[in-house]
Amino acid sequence: MFIQTEATPNPATLKFLPGRVVLPEATFEAKDAESAERSPLASALFAIPGVSGVYFGHDFISVTKADGVSEWPQVKPAVLGAIMEHFQSGAPVLAEGAVLDSPHGEEFYDEADHDTVVTIKDLLETRVRPAVASDGGDITFRGFRDGIVYLEMKGACSGCPSSTATLRQGVQNLFRHFLPSVREVQAV
């Protein structure tokens with residue numbers, strides 16, 4: 001098994017491509033060892049000293065290392081080994097009955113803004129999420145109120161130094177172009 005790695009805009013996160021589907025539908029994120037218990041693979045990754053976050057997309061795994069921990073050349077071989085061992089074992093990525101992250105979790109918006117929210121979600125699905133996934137992360141709609149769109153950043157995008165610029169210059173400008181009622185975009 002050959003696992004490719006890619007750098008992400010977040011220097012604390014690497015993207016691992018195992019050459020197979022990781023999760024066929026939805027996503028999974030673990031920010032601590034307790035939430036990783038829903039996944040044998042995430043648990044194995046959190047057992048590696050210095051791992052502070054795990055995100056599973058369709059065909060990739062993003063792993064975040066804690067601040068002040070060894071550099072990637074010291075952590076990366078253990079992560080590669082854990083991923084390879086997991087897939088070779090044939091174990092499931094998620095434990096039986098584990099709940100996946102939903103891109104449409106708890107949302108808030110006024111029913112009068114329904115058409116605007118539909119357009120926001122369409123723009124996210126077709127233009128934003130594919131680009132963000134290529135960087136090892138995800139971005140999901142959480143709400144819309146008073147002209148402000150609230151989005152949640154996941155995976156490599158969560159805590160990324162350039163995520164604020166991505167939201168302001170990229171996503172916010174895109175939304176404003178198509179929806180004049182959008183004033184601002186904020187991360188939650």
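Is Lys15 buried or exposed? At 6% relative accessibility, Lys15 counts as buried (under 20% relative accessible area; exposed is over 50%, partly exposed in between, with a 1.4 Å probe and protein chains only).

This is a predicted model, in which local features need pLDDT of at least 70, side-chain atom pairs count only at pLDDT 80 or more, and totals for chains, interfaces and linings use all residues. Residues are numbered from 1 along each chain as its sequence is written, and side-chain values use heavy atoms, without hydrogens and water.

Select Glu6 next: its side chain meets that of Lys15 in a salt bridge (3.8 Å, N to O), that is, a side-chain nitrogen of Lys or Arg within 4 Å of a carboxyl oxygen of Asp or Glu. Glu6 is partly exposed, at 34% relative accessibility.

Proceed to the open sheet of four strands, ordered 6-7-8-9 with mixed pairing. Strands are DSSP runs (E, at least two residues), as are helices (H or I, at least four), numbered from the N terminus; two strands pair if DSSP finds at least two bridges between them. Strand 6 (108-109) and strand 9 (184-187) stand at the edges, each with a single partner strand, so one side of each has no neighbour in the sheet. Strand 8 (residues 148-155) pairs with strand 9 in the parallel sense over four bridges; select Ile148 to find its bridge partner in strand 9, Glu184.

Finally, display Glu125 and Arg129, whose closest N and O atoms are 2.5 Å apart in a salt bridge. Both lie in helix 4, four residues apart, and are therefore separated by about one helical turn. Glu125 is partly exposed at 38% relative accessibility, whereas Arg129 is buried at 16%.
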